[in-house]
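Please walk me through this structure in the viewer. Tell me what to select at each stop and what is there.

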Amino acid sequence: MTEEIVVDGGNTKERKIIEKIAEQNDSPVLMINQNLYTDAADFPNGILYKKWREINQQMISFVGGEILWSLSVHGQIIHYGENRPLHEILAYWYPSHQAFLDMKDAPDLEENFTIRKEIIEYAIIHRCDGRNSPMLPSA
């Protein structure tokens, strides 16, 4: 199940990079999630969307992470290549790459992925250095 958390679209190379960092030189990591939701999500007020966000918060808290911010997207000024309009951009901070990988042990994992498959039409997650993240959680 780790692979689904880390790559959900098949990027096993990235998963191996994360595992190697976790083993050798672990550090905080910031995941920037960019999501386009389905009609079933009824973003931002839908029941399924709100349930997914609640479970998502529990999973991130389970590993000591924080949701730093969540922003609704109101438009795109410039794009190159395929245009993928988004509904929301979220910043998830984890104290380590290992913490991110440990979400596979979160109690609500299966329910999270069941809802996620129903409400997310398109998503991309960017892995960023979490040591100097905007709005780091207070220690």
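**Stop 1: an exposed isoleucine**

Select I77. I77 is exposed, because its relative accessible area is 86% and the cut-off for exposed is over 50%. Keep in mind that this is a predicted model. I77 sits in the loop between β2 (66–72) and β3 (88–94).

**Stop 2**

Move to S96. This serine is found in the loop between β3 and α4 (97–101). Is S96 buried or exposed? S96 counts as buried, because its relative accessibility is 16% and buried means under 20%.

Show the side chain of S96 and the backbone of A99. A polar atom of the S96 side chain lies 2.9 Å from the backbone nitrogen of A99.

Next, select D26, S27, P28 and V29. S96 is in contact with these four, leaving aside its neighbours within four places in sequence.

**Stop 3**

Select helix α5, residues 109–119. Colour L109, N112, F113, I115, R116 and I119: these residues are buried. Then look down the axis of α5. The buried residues fall within an arc of 170 degrees, so they line one face of the helix.

Which residues are exposed on the other side of α5? Select T114 and K117; both are exposed there.

Note on methods:
Residues are numbered from 1 along each chain as its sequence is written. This is a predicted model: local features need pLDDT of at least 70, side-chain atom pairs count only at pLDDT 80 or more; totals for chains, interfaces and linings use all residues. Side-chain values use heavy atoms; hydrogens and water are left out. Helices (H or I, at least four residues) and strands (E, at least two) are DSSP runs, numbered from the N terminus. Buried means under 20% relative accessible area, exposed over 50%, partly exposed in between (1.4 Å probe, protein chains only). The arc is that of the directions from the helix axis to the C-beta atoms. A polar contact is a pair of N or O atoms within 3.5 Å; within protein, one must be able to donate a hydrogen and the other to accept it, and residues adjacent in sequence count only if both atoms are side-chain atoms. Contact means heavy atoms within 4.5 Å.
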